[in-house]
Amino acid sequence: GEVQTQKQSKAKWNLDFGMDYLINAEKRAGLNCRRKVFNVCFDNNDIVESDHLCCDSSQSLGCKRCCVSQPSICCDIHNPDHFDFLDTIISKPPPLPQRSRLPKFQMTGSDFTLQTTLNNWHEQKAISVYGWAHLNNFGATIIMPNAILDHIIDSAHHRKIQTVQDLKRETGWTDAEKFGDDVLVIVRAHAPTPFATNPLRPLTAVPHPIGGSSTRKNKCSTCRQEGHN
């Protein structure tokens, strides 16, 4: 029962014989033609000969509608120029900028307020852009996935979102350029940037006299001259 099911789930999935030969026709010995794969798999070579000669005896070649004609274009292996329009070039998207690694934290009252405000904006924006029916059928995630909304709260708690570029980098939200300004207004209202502090002035050393430090000399109490008491 259960053991057999586990073995079946771990069994390697084998590609169908015909599909394998169709994909790799140019690599299989004796094929080198995709049309030949169809002829073999569907027994096209065993089809009964056409009766087009009996259909229209007035024509030497028989009925043109019933005659099985050979196509002038075989396949992309023999006639590659006729299939150029099917080539698809998918450009590799640029790598996303690396976002910040945020440590875990305990949400505070301002974080919960930001969450509530973003959820309300989430739903109202979905209604204003797509209508109430889309909100009812698909939810507010049609504007922004819930995972991105949660990450906005985390990033705002650590003061990582100050601009639309920050929002796009930290969350990877594809609509950051479109709706990012609205989100920034909410973030700045509930997670304001910390106050900038003026740097302390560097301590300047007091210059000493050129002749070095002056020391007080003893003076005579009688003649008031230096050098003796």
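1. A salt bridge is taken here as a side-chain nitrogen of Lys or Arg within 4 Å of a carboxyl oxygen of Asp or Glu. Glu26 and Arg34 form such a pair, with 3.3 Å between the closest N and O atoms. The model under discussion is a predicted one.

2. The two partners of this pair fall into separate accessibility classes. Glu26 is partly exposed, at a relative accessible area of 38%, whereas Arg34 is buried, at 17%. The cut-off for buried is under 20% relative accessible area, so the value of 17% places Arg34 in the buried class.

3. Six salt bridges are present in the structure. One of them links Asp20 to Arg28, where the closest N and O atoms are 3.0 Å apart. Arg28 has a relative accessible area of 30% and is therefore partly exposed.

4. A further salt bridge joins the side chains of Arg169 and Glu170, at 3.2 Å from N to O. Arg169 is partly exposed, with a relative accessible area of 27%. Glu170, by contrast, is buried, at 0% relative accessibility.

5. As to overall architecture, the protein chain comprises nine helices and zero strands. From the N terminus on, the order of elements is accordingly α-α-α-α-α-α-α-α-α.

6. The contact of α8 with α9 can be listed by residue. On the α8 side are Val164, Leu167 and Lys168; on the α9 side are Ala176, Glu177, Gly180, Asp181, Val183 and Leu184.

7. Some totals for the chain complete the note. Of the 229 residues in the protein chain, 21% are buried. The accessible surface comes to about 18,800 Å², and 54% of this surface belongs to carbon and sulfur atoms. Among contacts between residues at least 6 apart in sequence, 43% join residues at least 24 apart.

Note on methods:
Residues are numbered from 1 along each chain as its sequence is written. This is a predicted model: local features need pLDDT of at least 70, side-chain atom pairs count only at pLDDT 80 or more; totals for chains, interfaces and linings use all residues. Side-chain values use heavy atoms; hydrogens and water are left out. Contact means heavy atoms within 4.5 Å. Helices (H or I, at least four residues) and strands (E, at least two) are DSSP runs, numbered from the N terminus. Buried means under 20% relative accessible area, exposed over 50%, partly exposed in between (1.4 Å probe, protein chains only). Accessible areas come from the Shrake-Rupley method with a 1.4 Å probe; for residues, only the protein chains shown count as cover.
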